[in-house]
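Colleague: Could you walk me through this one, please? I'm new to this.

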Amino acid sequence: MIDDVIKNEAGNYFPTREQYDALVAELHKSGYEYCSDLCAVDYLQHFDRPLPAGVVAERFEVVVNLTSVKMRSRVRIRVQVPESDPTVPTLFYHYPGTEAMEREAYDLMGIVFSGHPDLTRILMPEEWEGHPLRKDYSAERVPVQFKHSPAIR
Amino acid sequence: MQAEAEFSKETFEGPQEMTEREFTAPRELTVEEGAVLRLAEGVVVDAGDIDVEISDDETMIINMGPQHPSTHGVLRLMMELQGETVLRTKPVIGYLHTGMEKTGEGLSYIQGSTNVTRMDYLSPLHNELVFSLATEALLGVEIPERATWIRMLMSELNRISSHLMWMATNGMDLGSTSMMIFGFRDREMILSFFEKVTGLRMNHNYIRPGGVAADLPDGWEDDILAIAQTIPGRLDEYNDMLTGQPIFKERTEGVGILTQEQALALSATGPVLRSTGVAWDLRKSMPYLAYDQVEFDVVVGSVGDTFDRYAVRLAELRESVRIITQILDKMPSGPYRVLDKKITPPPRKRIDESMEALIHHFKLFTEGIKVPPGEVYVAIESPRGELGCYMVSDGSSKPYRMHIRGPSFVNLQSLPVMMRGGLVADAVAIISSVDPVMGEVDR
């Protein structure tokens, strides 16, 4: 399975969204005990960035850094996520520690992690509109959206 | 009101708060706890263990925070209680979110360290360090030896000051007011040294891409010697004051236990992970700077309870003192920053003499450093755990994306596991033992 996934010279994996979950499961079994970091990048202006042959550039990338305590090594996984359907499977069931990180990526970048147990906003207020870290979300021209006192639910 | 609700429906994904048991399906409860507890495949979750049977009449959801002195800032915890016992906990964060990652995309690499230093305000130098290391990794520059050792000295001192601050607030949370006074007193000594070197007590902007902002002042050895001679004696005092003390032991031993498997599964790092017995310290296992040239031990615990987390930090203070004494002997001479005019500004004197230096200075502060395209993940050991920086450059003078992996942000996820089945009174001790800094959690 791992051999099917495209790799670049630096040793980063570039799985498709279908391969992503299985690849992480495989790496988890092979000794990568914990997930250091999960974040998303919006490459709106850079569809021409260097990628290994066979990888189609999409607007978003989900970047996962896994770490192995035993082997003292790290591995990076970069998944291409299209703008039209920004969905990737959740890693929660392999690494429960990605719960907050995936919520953060959803909140700020709008990536939907299917199967996540509690995909809600984490840093921004619940009623916030839009996903602030996207490149088409202007930083300064948006009036601050204050959260009013919550209504009875 | 109604119209507003309609308008924001598109991105509204439901409340962040904890839902009541009645509205939480048993399957969700099992997921919430079963997956986190990382049961082996095939093991069925015992319904009794997950307490799905308890009805809402017996439980109560209370808020702790965001305004609560012992939550270390604006951490809000929603706790489901049955009597005095905590069943479920959910940290609700974001009250201090200021969008620093977004801000970072608008600042050049020279301005960037001013931004990141404000994230974890108790260890600002570590934030600057990880940002600078990431920038330098993209630039591919070698840092002069002296700069590396100054960085190491400053970050170890910062670890001491941060841990002392933790000792102080932890003492406060557990009712030892004298510990708070003592902790602040000793931290003061280090902060005045920082003030001497960097000009500021917090948010230094001292470690910058390319080296450090200024050389150490004359007589810095005496200050370090004074620190290295005072702190160990004081630590003995604190050891006498807290470690064997019955009330302190009662309140910490066996409270908030986290196992090795849970800690790794939850991506916990730093003292929280080491207290469970995993000898994982990035200074040792993936050395950066010159940590492979100094001698120190990685301190681990055995049980993973609140007491172990205290003991690990206390012993780490001694190790840090050991490191700074070695740095005192080994500090090399030489330039304190890269002498590449495209990366660091020329010395002030040169600007008056040379037109070329003036141009370089002007270009550097208007355009900034041009960093070649690429992406990099750099991680260092901050007092709270693995502090990572994922940086993407597109060749311009501003980072295209700068993501900071905050250790407290990730460590907070282990709170629900530690709290489960404990008492409300222990909650304060457990929160304190994780040492969250909300500036970094919310960024």
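Modeller: Strand E2 (residues 76–82) of chain B pairs with strand E3 (residues 85–92) of chain B in the antiparallel sense over seven bridges. Strands here are DSSP runs (E, at least two residues), helices are runs of H or I with at least four, both numbered from the N terminus, and two strands pair if DSSP finds at least two bridges between them. One ground rule: this is a predicted model, where local features need pLDDT of at least 70 and side-chain atom pairs count only at pLDDT 80 or more, while totals for chains, interfaces and linings use all residues. Residues are numbered from 1 along each chain as its sequence is written, and chains are lettered from A and ligands numbered from 1 in the order in which they are written.

Colleague: Which residue in the turn of the E2(B) and E3(B) hairpin has a positive phi?

Modeller: The hairpin leaves two residues between E2(B) and E3(B). In that turn, a phi of about 65° belongs to B:Gly83.

Colleague: Which helix gives the most to the side of chain B that touches chain A?

Modeller: The contact takes 43 residues from chain B and 37 residues from chain A, where contact is C-beta atoms, placed from the backbone, within 7 Å. Elements that each supply at least two residues on the chain B side include helix H4 (100–106), strand E6 (374–382) and helix H2 (26–37). The most, five residues, comes from H2(B).

Colleague: Why is one side of E6 and of E8 of chain B left without a neighbour in the sheet?

Modeller: Strands E6, E7 and E8 of chain B form an open antiparallel sheet in the order E6-E7-E8. E6 and E8 of chain B stand at the edges, so the reason is that each has a single partner strand.

Colleague: Which residue stands opposite B:Cys389?

Modeller: E7(B) and E8(B) pair in the antiparallel sense over five bridges. Along that pairing B:Gly388 stands opposite B:Arg405 in E8(B). For B:Cys389, the one opposite is B:Ile404.

Colleague: Are the residues of E8(B) buried or exposed?

Modeller: In a regular strand the side chains alternate between the two faces of the sheet. In E8(B), B:Arg401, B:His403 and B:Arg405 point one way, and B:Met402 and B:Ile404 the other way. A residue is buried if 20 or more other C-beta atoms, placed from the backbone, lie within 10 Å of its own, exposed if 12 or fewer, and partly exposed in between. On that count, five of the five residues of E8(B) are buried.

Colleague: At what angle do H7(B) and H14(B) pack?

Modeller: Axes are lines fitted to C-alpha atoms, for helices over the stretch in contact, with angles from 0 to 180 degrees between N-to-C directions. The axes of helix H7 (residues 145–173) of chain B and H14(B) are 9 Å apart. Over 145 degrees counts as roughly antiparallel, under 35 as roughly parallel, 65 to 115 as roughly perpendicular and the rest as oblique, so H7(B) is roughly antiparallel to H14(B). The angle is about 155°.

Colleague: Which residues of H19(B) make the contact with H14(B)?

Modeller: The axes of helix H14 (residues 306–330) of chain B and helix H19 (residues 424–434) of chain B come within 9 Å and cross at roughly 35°. From H14(B), the contact uses B:Thr306, B:Arg309 and B:Tyr310. From H19(B), the residues are B:Ala429, B:Ile430 and B:Ser433.

How values were computed
Two residues are in contact if their C-beta atoms, placed from the backbone, lie within 7 Å.
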